[in-house]
Every structure is written in structure tokens, then in C-alpha cells.
Amino acid sequence: MRKALFFLLMSMLPGIALAGGELSFDGPSLSPLWSIPFIGIILSIAVLPLFAPKLWDHHYGKIVFGWTLLFFIPLLVTYDMSITANIFTHALVEEYIPFILLLLVLFAASGGIHISGNLVASPKFNVSILAIGTVLASVMGTTGAAMLLIRPILSANRNRKHRMHIPIFFIFLVANIGGGLTPLGDPPLFLGFLNGVDFFWTLQHMFFPVLIFSLILLGLFYLIDSYYFKKEKIAPSDEKTTVVIVGKQNFLIILGVLVGIIISGIWIPGISWEIFGVEVHLENVLRDLFFIFLTIVSLKITSDKVRKDNNFNWHPIIEVAKIFAGIFLTIVPVITILEAGKNGAFGSVVDITHTSDGEPINVIYFWVTTVLSAFLDNAPTYLVFFKMAGAQAPEGVAAADFLMNGIPATLLAISMGTVFTGPLTYIGNAPNFMVKSMAEQEGIKMPSFFGYFFIAIIVLVPIYILLNFIFL
């Protein structure tokens with residue numbers, strides 16, 4: 001094993017050193033072997049939880065760290081310390097830290113809100129919970145909204161015989177589709193925001209796709225749920241549904257997050273400083289410190305009982321933090337190569353997504369990001385194709401400005417392809433597996449990985465095709 005690892009490390013070096021004549025970490029000179037650590041992490045996320053769950057549960061941090069070392073050891077050997085420090089600082093300061101702090105504050109705030117009461121199941125009640133969750137997903141994130149509402153809806157339907165469709169549609173809507181309106185909703189869109197996409201661009205262009213998708217799924221769910229209610233001959237209940245919400249003050253924390261993001265995108269004081277060649281802007285630093293402050297406030301103002309009732313613990317966010325640290329670091333060479341376009345090692349990807357004249361083929365962008373988001377992870381998929389499409393920007397034009405104003409349909413295709421296809425598999429988005437696990441704890445027999453995939457394809461793919469015709 002050690003010999004194989006050594007051979008792999010050394011095999012990466014000549015592909016770089018001989019590529020350009022002088023050592024420079026730029027797209028045209030990079031060997032495709034640099035993408036191995038990133039692909040290794042993504043495949044580990046996709047495969048190990050399914051086929052070696054105990055290994056993954058106990059050692060996922062070590063596995064990700066090992067793949068990350070496989071990137072940094074050749075980097076240190078091949079290039080000088082300044083290039084290594086620049087890459088490390090850029091990945092962490094500009095993208096990873098803001099990304100993980102947003103998830104942290106939303107996770108802490110949603111975990112401080114507990115919903116209980118006399119919840120009476122009915123098709124109307126169930127579809128209302130799904131509709132509310134779909135809206136909340138863009139305000140408090142898909143993970144926050146899913147963890148807030150999955151317990152109440154499962155509890156209300158505890159005595160029903162046919163329940164499997166409820167968590168499935170919950171995954172479709174609350175854990176995925178509903179997060180498509182704002183950068184708060186889904187990690188890919190927040191990465192777009194960090195890379196210059198306006199907060200309200202996302203809201204404006206994703207509004208109708210999210211609305212159409214949500215209405216179709218809510219209508220279909222209501223028909224299915226009504227059918228099973230009649231099949232089980234459940235008589236309408238005279239009991240009145242009452243809802244008790246404890247920890248409402250955490251909604252103010254979530255509002256504070258929204259305000260912080262908007263202000264950081266509007267207020268540009270022009271104050272910055274350089275760290276290892278990376279320009280750090282004051283507004284971004286203050287936003288991140290504000291997220292830390294809000295997290296601490298949420299923990300202080302929420303009683304331990306509320307978090308205990310929610311079965312709150314830090315494991316999910318710790319897992320995400322470790323995994324995405326590796327992803328954000330090892331994705332750097334992949335993005336650098338793609339930004340080189342046809343001059344890079346992944347020129348074939350550019351060829352299939354663009355015409356011979358260099359114009360993007362939006363439908364291809366959608367379906368390529370769809371496949372990768374479903375089986376890998378939607379956040380890095382968004383980042384890769386955002387950078388690739390943005391690399392076509394004219395000289396002097398920022399990638400985000402070019403995408404928003406020059407080829408907005410392409411940015412929409414990437415956004416739809418990464419947000420809307422997260423529910424195709426259990427591993428497409430982080431909340432999916434959480435919802436599945438909680439449903440099984442309630443005694444619901446959830447479909448297998450491929451069983452769920454088959455159901456998702458039947459329900460979702462026709463809607464994808466419809467959205468392609470309407471918007472792309």
C-alpha cells in the first residue's frame with residue numbers, strides 16, 4: 001500500500017514539471033492526475049456509507065484527511081511554500097470558512113426551535129407542513145428546515161399504515177427544492193454568492209422554477225396522501241390541531257443571518273488587506289464574525305431542554321466541516337484546469353458543454369450538473385461548473401458579472417441542475433440521509449438506495465424535462 005501511494009505521488013510530478021517548461025500552478029500546465037484527491041473524496045462520500053458504513057462512520061475524518069494529504073504533499077514537493085500557502089489561504093478564507101460558518105449558525109438556530117402540540121394527521125395538514133417547510137428552506141437552509149419539521153410530521157402520522165410517501169416527498173421538497181430561492185437555502189447557491197452572484201439575482205431567476213416545481217410536487221403529494229387516507233378508511237378527526245413552538249427567539253437569529261448576508265453583499269467599504277497573496281475584504285470578515293456571534297447568542301438564549309427534545313448534537317455539523325474542508329482544498333486544481341478551457345486537461349468537458357463557436361449549451365449544462373449532483377455532491381459540482389462557465393468571460397469582466405448579465409440562462413441551468421437534482425438519491429444532499437434515518441427510527445420502511453432512486457426518477461425527471469422546455 002505504501003509503495004502504491006508513493007508511486008501515485010511521484011507519478012503526479014512529471015506531468016506537471018514537464019508540462020510548461022517552468023513551474024506555474026495554472027490550468028494549461030496541470031496534469032489531470034491532480035484531480036485524483038478530489039475524485040477520491042467524492043467517491044468515498046458516495047460509496048463508503050453504502051458499502052462500508054462502519055468504516056466511514058468511525059474514520060471519515062481520517063479518510064478525507066488522507067486524500068487531502070495526497071494533494072498537499074505533491075504540491076509542497078513541486079512548488080514553493082508561497083504557492084502552497086496561497087492556495088491553502090484562498091480555499092479556506094474565501095470559501096470554506098464563510099460556507100461552514102453559515103451552516104453552523106443555521107444549524108444552531110434551527111436546533112433551538114422545537115415544535116410540538118396536538119398534531120392531527122390529514123392530507124391537508126401534511127401538505128401544509130410540506131408547503132411551510134418548502135418556504136422555510138430558503139430562509140433557514142434545507143438542513144435547518146428539514147430538522148425542524150420532520151419530527152412533527154412523522155409524529156402526527158405515527159399511527160398510519162401507509163407512510164413511506166411522506167418522508168420521500170419531504171426529501172424532495174423541504175430538504176432540496178425549497179432551498180432554491182436564496183443563498184441561505186442550499187450550499188451551492190451560497191457558494192455562488194461568495195463568488196459574486198447577487199443575493200437577489202438568485203431570488204429573481206429561481207423564483208418561478210422553484211414555484212412550478214413545488215406546486216407540481218405538492219399537488220401530486222396531496223393526491224397520493226388522500227388516496228392512502230381513503231384506502232385506510234381513516235375517518236376525519238374532530239380534534240383541533242394545536243401547535244406549540246418553543247425557542248421562537250431563534251427565528252430572530254435566522255433573520256439576523258439573512259440581514260448579515262444582504263449587508264455584506266451591498267456594503268462595500270473598499271477596505272482590504274492581503275494574506276499570502278489573497279485579498280481579504282472587511283465586509284466579509286465582519287459577516288463571518290457576525291455569524292460566530294449569532295451562533296453563541298443562539299446557544300445562550302436556548303434552554304438545554306429544547307435542544308434535548310430536538311435530540312440536538314454537534315455530530316452532523318462536525319462531519320460536514322471535516323468533509324468539506326477536504327473538498328474545498330482538493331477541488332482547487334480541478335477548478336484551475338477547467339478555467340483553462342480547451343487548453344486544459346479537461347478540454348473535452350468544455351467541448352460537450354459548448355458549441356463550436358464557444359457558446360454554452362444550457363441544456364447540457366443542466367443535465368451534466370444533474371448527474372454529478374445526484375451521485376456526488378451538489379456544492380462542489382456547482383463550484384466546478386460555475387468556474388468553468390465563468391472562465392469564458394471577456395478580459396476584465398468578473399466571472400459572476402458575465403454569468404449574471406451575459407449568459408444568465410447558463411447560470412440558471414447550473415443553479416437548477418445542482419439544487420433540483422439533490423433529491424434524486426439519498427446522497428445527493430446532506431439532509432436526505434438524515435430524513436431517511438429519522439423515518440426508519442419511526443418504524444417506516446424506507447426504500448433501498450436504488451429503490452428510492454427509481455421512485456425519484458419516475459417523479460422528478462418529467463418535471464426536469466418540463467423546466468428545460470420552459471426556462472432553458
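**Chatting through the helices and loops**

Modeller: Let's start with Pro269: leaving aside neighbours within four places in sequence, Pro269 is in contact with Leu282 and Glu283. Keep in mind that this is a predicted model.

Colleague: OK, and where is Pro269 found?

Modeller: Pro269 is in the loop between α10 (249–266) and β3 (272–275).

Colleague: Is Pro269 buried, exposed or partly exposed?

Modeller: Pro269 is partly exposed, because its relative accessible area is 29% and that class runs between the 20% and 50% cut-offs.

Colleague: Moving along a bit, where does Phe276 sit?

Modeller: Phe276 is in the loop between β3 and β4 (278–281). Its phi is positive, about 50 degrees, although Phe276 is not a glycine.

Colleague: And is Phe276 buried or exposed?

Modeller: Phe276 counts as exposed, because its relative accessibility is 55% and the exposed class starts over 50%.

Colleague: What does Thr89 touch?

Modeller: Not counting residues up to four places away in sequence, Thr89 touches Glu94, Ile275, Phe276 and Val278. Thr89 itself lies in helix α4.

Colleague: Buried or exposed, that Thr89?

Modeller: Thr89 is buried, with a relative accessible area of 7%.

Colleague: Since we're on α4, how do α3 and α4 cross?

Modeller: Helix α3 (residues 53–78) and helix α4 (residues 81–110) cross at roughly 150 degrees, and their axes come within 8 Å. The two are therefore roughly antiparallel, since that label applies over 145 degrees. The crossing of α3 past α4 is right-handed.

Colleague: Which residues make the contact there?

Modeller: From α3 you have Phe71, Phe72, Leu75 and Leu76, and from α4 Met81, Thr84, Ile87 and Phe88. Sorted by class, the contact has 7 nonpolar residues, 1 polar residue and no charged ones.

Colleague: What about Phe65, which helix is that in?

Modeller: Phe65 lies in α3. Phe65 is exposed, with a relative accessible area of 52%. The C-alpha atoms of Phe65 and Lys322 are separated by 8.3 Å, and the two residues are 257 apart along the chain.

Colleague: New topic: how do α5 and α6 pack?

Modeller: Helix α5 (residues 123–140) and helix α6 (residues 142–156) pack at about 165 degrees, with axes 8 Å apart. That makes α5 and α6 roughly antiparallel to each other. Here too α5 passes α6 in a right-handed crossing.

Colleague: Which residues make that contact?

Modeller: Among them are Phe125, Ile129, Leu130 and Gly133 of α5, and Gly144, Leu148, Leu149 and Ile153 of α6. By class, the α5 and α6 contact counts 12 nonpolar, 4 polar and no charged residues.

Colleague: Which helices does α7 pack against?

Modeller: The buried residues of α7 pack against α5, α6, α9 (199–231), α19 (430–441) and α20 (449–471). Helix α7 (residues 165–173) is mostly covered, with 9 of its 9 residues buried. The buried ones include His165, Pro167, Phe169 and Phe172.

Colleague: How many residues does the largest nonpolar core have?

Modeller: It has 134 residues, and Leu217 and Phe420 have the most contacts inside it. Helix α13 (residues 315–339) gives the most to this core, with 13 residues.

Colleague: What is Leu217 in contact with?

Modeller: Setting aside neighbours within four places in sequence, Leu217 is in contact with Phe169, Phe172, Leu173, Ile177, Val459, Leu460 and Ile463. Phe169, Phe172 and Leu173 are among the buried residues of α7.

Colleague: Last one: at what angle do α13 and α16 pack?

Modeller: Helix α13 packs with helix α16 (residues 378–390) at about 25 degrees, and their axes are 9 Å apart. That makes α13 roughly parallel to α16, because angles under 35 degrees get that label. Their crossing is right-handed.

Colleague: And how does that contact split by class?

Modeller: The residues making it include Phe324, Ile331 and Glu339 of α13, plus Pro380, Leu383 and Lys387 of α16. By class, the contact of α13 with α16 has 12 nonpolar, no polar and 2 charged residues.

Conventions. Residues are numbered from 1 along each chain as its sequence is written. This is a predicted model: local features need pLDDT of at least 70, side-chain atom pairs count only at pLDDT 80 or more; totals for chains, interfaces and linings use all residues. Side-chain values use heavy atoms; hydrogens and water are left out. Axes are lines fitted to C-alpha atoms, for helices over the stretch in contact, and angles run from 0 to 180 degrees between N-to-C directions. Helices (H or I, at least four residues) and strands (E, at least two) are DSSP runs, numbered from the N terminus. Angles under 35 degrees count as roughly parallel, over 145 as roughly antiparallel, 65 to 115 as roughly perpendicular and the rest as oblique. A crossing is left-handed if the near helix is turned anticlockwise from the far one by less than a right angle, and right-handed if clockwise. Contact means heavy atoms within 4.5 Å. Ala, Val, Leu, Ile, Met, Phe, Trp, Tyr, Cys and Pro count as nonpolar, Asp, Glu, Lys and Arg as charged, and the others, Gly among them, as polar. A nonpolar core is a set of buried Ala, Val, Leu, Ile, Met, Phe, Trp, Tyr and Cys residues joined through side-chain atoms within 4.5 Å. Buried means under 20% relative accessible area, exposed over 50%, partly exposed in between (1.4 Å probe, protein chains only).
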